[in-house]
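Here is a briefing on the structure shown below. Read it with the model open.

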Amino acid sequence: MFFILSKVLFFLIQPLNWVLGLMLYSLLAKKAVRKKCSLLLAVVLGFFFTNHFIFNEVVCWWEVETVTMDEISTPYDIGILLGGYSNPHIRPTADRMNFSRTANRFLNAYELYRAGKIRKILLTGGSGSLRQNHPSEAVDARLFLLEAGVPDSNIIVEGASRNTYENAIFTQKILAEKYPGASCLLITSAWHMRRSMGCYKKAGVQFTPFSVDHLTEVRRWEFENTVIPDRMGFAWWEAIIKEWVGCVMYWLQGYL
């Protein structure tokens, strides 16, 4: 039930829907004052959510800075890679791996392996869709790694989890049963790391966090960065607001 509710809530927390809702209300409202106020608020929110400078300052505060690759001197036994880096909706799919905008999660984990910083890669993540009609992401990623030359003995697959909480619970079970005492590196997006760390700590997994896929950029004062609207703004804010709400919901559920 929680999984289904989280999908419904996701629609309600999208900033673009707020702006569109206010614009629609301004058209339907009968009182002139309400029309004017709702339209003005829609414009203000539209500017706020498409201003890249504002977003960059917020995400700089939110993202978790962790150890970097060059600071790892002793290889970790296992790199735990959280899913969310592929897009099963892109076609064609039969002959390739289609990555999403968070592809750096996967690519940086592969870099860690090639650099000898992790000995094995644990792929955790099934299908996050409501209907569960997409193949397991971890299973697909395993095939990609095999094609890239990674031995099957160095790939661990957890392909049943649907969210971060289940990632942690199912991963803990695998580690406890097959790899007790293994040193682990937790690999996920910097903006997703807070929730991930909370879930894995709650599950009893010992790990070192390794942030990838950062959204934070170098602070720039250029006109196009501070005044001109960024068409990707709504999408980036959507990810961060989803993460904030996710942290609250997980805390209420006792997952953190």
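Contact here means heavy atoms within 4.5 Å. Helices (H or I, at least four residues) and strands (E, at least two) are DSSP runs, numbered from the N terminus. This is a predicted model: local features need pLDDT of at least 70, side-chain atom pairs count only at pLDDT 80 or more, and totals for chains, interfaces and linings use all residues. Residues are numbered from 1 along each chain as its sequence is written, and side-chain values use heavy atoms, with hydrogens and water left out.

**Helices α3 and α10**

- Gly 46, Phe 48 and Phe 49 of α3 meet Gly 233, Phe 234, Trp 237 and Ile 241 of α10.
- By class, this contact of α3 with α10 has five nonpolar, two polar and no charged residues. Ala, Val, Leu, Ile, Met, Phe, Trp, Tyr, Cys and Pro count as nonpolar; Asp, Glu, Lys and Arg count as charged; the others, Gly among them, count as polar.
- Helix α3 spans residues 32-49 and helix α10 spans residues 233-253. They pack at an angle of about 85°, with their axes 8 Å apart.
- Axes are lines fitted to C-alpha atoms, for helices over the stretch in contact, and angles run from 0 to 180 degrees between N-to-C directions.
- α3 and α10 are therefore roughly perpendicular to each other. That term covers 65 to 115 degrees; under 35 counts as roughly parallel, over 145 as roughly antiparallel and the rest as oblique.

**Helix α10 by itself**

- α10 has 21 residues and reaches 30 Å from its first C-alpha to its last. This is close to the 30 Å expected at 1.5 Å a residue. The expected span is 1.5 Å times one less than the number of residues.
- Buried residues of α10 include Phe 234, Trp 237, Ile 241, Glu 243 and Tyr 250. Buried means under 20% relative accessible area, exposed over 50%, partly exposed in between (1.4 Å probe, protein chains only).
- Gly 254 follows α10 and has a positive phi, near 80°.

**The sheet**

- Five strands form an open sheet in the order β3-β2-β1-β4-β5, with parallel pairing. Two strands pair if DSSP finds at least two bridges between them.
- The edge strands are β3 (155-158) and β5 (208-212), and each pairs on one side only.
- Neighbouring strands are turned by 25° against each other on average, direction ignored.
- Helix α8 (residues 193-203) packs on the sheet and touches β1, β2 (118-124), β4 and β5. The direction of α8 makes about 145° with that of β4.

**Strand partners**

- β1 and β2 run parallel and are joined by six bridges. Gly 79 has Ile 121 as its bridge partner in β2.
- β1 (residues 76-82) and β4 (residues 184-189) pair in the parallel sense over four bridges. In β4, Gly 79 has Leu 185 as its bridge partner, and Ile 80 stands opposite Leu 186.
- β4 and β5 pair in the parallel sense over five bridges. Ile 187 stands opposite Phe 210 in β5.
- Six of the six residues of β4 are buried, so β4 is largely enclosed by the rest of the structure. Five of the seven residues of β2 are buried, so β2 is also largely enclosed.

**Asn 56**

- Asn 56 lies in helix α4 (residues 52-62).
- Asn 56 counts as buried, at 5% relative accessibility.
- Asn 56 touches Leu 215, Thr 216, Glu 217, Val 218 and Arg 219, not counting residues up to four places away in sequence.
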